[in-house]
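Hello,

Here is the structure I promised to pass on. Have a look at it first, and then read my notes below.

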Amino acid sequence: MVAIKYINDLGDCDYDWVKVIREIQIMDELSQNPKNSYTIKLLDLKMIKQDNGAIGLFVVMEHMESDIKKLLNQSSEIELSEDHILMIIYNTLCAIKFLHSANIIHRDLKPANILVDSDCNVKICDFGLARSLAESAIGQGSGNSKRTRDSILQAKLL
């Protein structure tokens, strides 16, 4: 089972491409880190050319059972003990520490972006607003993408 994020209508706007490339680059580099058990893994990318000439992008990622927002909304149906809550908090802090050790600032950390499984393991997702700091493990900062728009356009279209 996988999770798929669809990014629609990537056209000629360079800013949209920069945001998408930055998010994919951060996810890709974090996914390749052998010490990473704290962020959602990028599994695949598929591009399609839409009828209007724009590009659509399917981002295929690892699937997790739930997120903290759903847990909070289902609090009357799900019984979470104090130990469960402490484990989720501890694992969330470990995930944030891991991101910061990789010089990544998430900038959109909220309950919906903190995924949780039945064993209270936590993974952070949605790196659309994330930035890497200079001298980081994934490049020379958020403005210097290793992958360019042209290299992504040259990828296999569906």
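Let me start with a strand pair: β6 and β7 run antiparallel to each other, joined over three bridges. Within this pairing, I114 sits opposite I124 of β7. Strands here are DSSP runs of E with at least two residues, and helices are runs of H or I with at least four residues, each numbered from the N terminus; two strands pair if DSSP finds at least two bridges between them.

A word on the source: this is a predicted model, in which local features need pLDDT of at least 70 and side-chain atom pairs count only at pLDDT 80 or more, while totals for chains, interfaces and linings use all residues. Residues are numbered from 1 along each chain as its sequence is written, and side-chain values use heavy atoms, with hydrogens and water left out.

The two strands belong to an open sheet of three, ordered β4-β6-β7 with antiparallel pairing. Its edges are β4 (66–67) and β7, each of which pairs on one side only.

Now for two backbone details. Most residues other than glycine have a negative phi. C120, in the loop between β6 (114–116) and β7 (122–124), has a positive phi near 65°. C120 counts as buried because its relative accessibility is 6% (buried is under 20% relative accessible area, exposed over 50%, partly exposed in between, with a 1.4 Å probe and protein chains only). N103 also has a positive phi, near 60°, and is found in the loop between α3 (82–101) and β5 (104–105). At 23% relative accessibility, N103 counts as partly exposed.

Best wishes
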